[in-house]
Amino acid sequence: MTAHPHLPVAEIATKFDEMHWPSLNKVHLTAEDISPVVNQIAEQSGITLTQIGTSYEGRPVSRFTLGSGKCVILAWTQMHGDEATATAAVLDWLHILLNEQLNGLPANWQSQVTLHVIPMLNPDGAQRRTRINAQGIDINRDARTLQSPEGQILQQQVATLSPDIAFNLHDQNPYYTTGVSSNPATIAFLAPAYHEDKHVDGPRLRAKQLIAHMAGVLSHFIPQCIGRYDDTYSFRSFGDNIAASGASTILIESGAAINDPHRQVARKMNVIGLQTALESLLTKQFTQYSLADYYRIPDNREDGLCDVKIHDVTLGNDKPYVADISI
């Protein structure tokens, strides 16, 4: 593949190849897997690691902080315990930011931005490789009742830090496609609605402009493999509620790529996308993009790679259960 024509993008792509953490090239990640990397990053100057709470089973939940600027960015990963792609990506990204002065970022960028990263919000679910936490709660649907300690941690972080930009980082199943094509949706974006009427206020407009910029950059690397998630309002979900707080909220879903069982393509795209967003914020490049640019991203089509889907099939004899079958 030819290098991206924009030098800072080409540089971050190269730096990922040189500096990503090889030990995190796994199909799944637990707190034990990332602990050596987290400790190595924490030992570097210019970054702070803070324990911000504990999970239901007592595992620590921590946050990295880099920079001291007025613009506050908050990113969190592995809210769903079985969605680990972005966890590796944010640790790669922090490693690069701490060790390189990258083109596209002003020399004093850390005086303009404060970056907070929670690299694993649901360590109990990660340990079990389940979406839910140890209570059986989907943390992402706990934004209103706040019954999970992990949801309470995230809510407290949003209230305390008042982020201007919020990155909600997830994985999606491998059967999503872009639009009506048969291309896997390796990356999908969403600027979630903060109300059922889907109004676009200033922060949501900024989120859509940033997404349009990121999608345009990533299309060089994964053409026709970028989708736009449905923006139906979900009153229980954290992304929608954080958008209502005034943060420009961006959902990034990491999906499949051909011959890539560990989702390393999506991992690299997360790093490039996050760096693009950071550069875009500092240089105001995002203002060049419109709502039309955002809506030109094809729909992220669920079950696009299923030829036939049979619903509500009863399986098993002694202990019958109901499931869907995709063919």
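Here are a few friendly notes on the predicted model above.

1. Some ground rules: the model is predicted, so local features need pLDDT of at least 70 and side-chain atom pairs count only at pLDDT 80 or more, while totals for chains, interfaces and linings use all residues. Residues are numbered from 1 along each chain as its sequence is written, and side-chain values use heavy atoms, with hydrogens and water left out.

2. Buried residues (under 20% relative accessible area, 1.4 Å probe, protein chains only) make up 55% of the 327 in the protein chain. Of the contacts (heavy atoms within 4.5 Å) with a separation of 6 or more, 76% are between residues 24 or more positions apart.

3. The protein chain holds nine helices and twelve strands (DSSP runs numbered from the N terminus: H or I of at least four residues, E of at least two).

4. E2 pairs (at least two DSSP bridges) with E1 (residues 47–54) in the antiparallel sense over seven bridges, with Thr48 opposite Thr65. Five residues lie between E1 and E2 in this hairpin, and Gly58 in the turn has a positive phi of about 90°.

5. E2 also pairs with E4 (residues 113–118), in the antiparallel sense over four bridges; here Gly67 stands opposite Thr114.

Conventions:
Buried means under 20% relative accessible area, exposed over 50%, partly exposed in between (1.4 Å probe, protein chains only).
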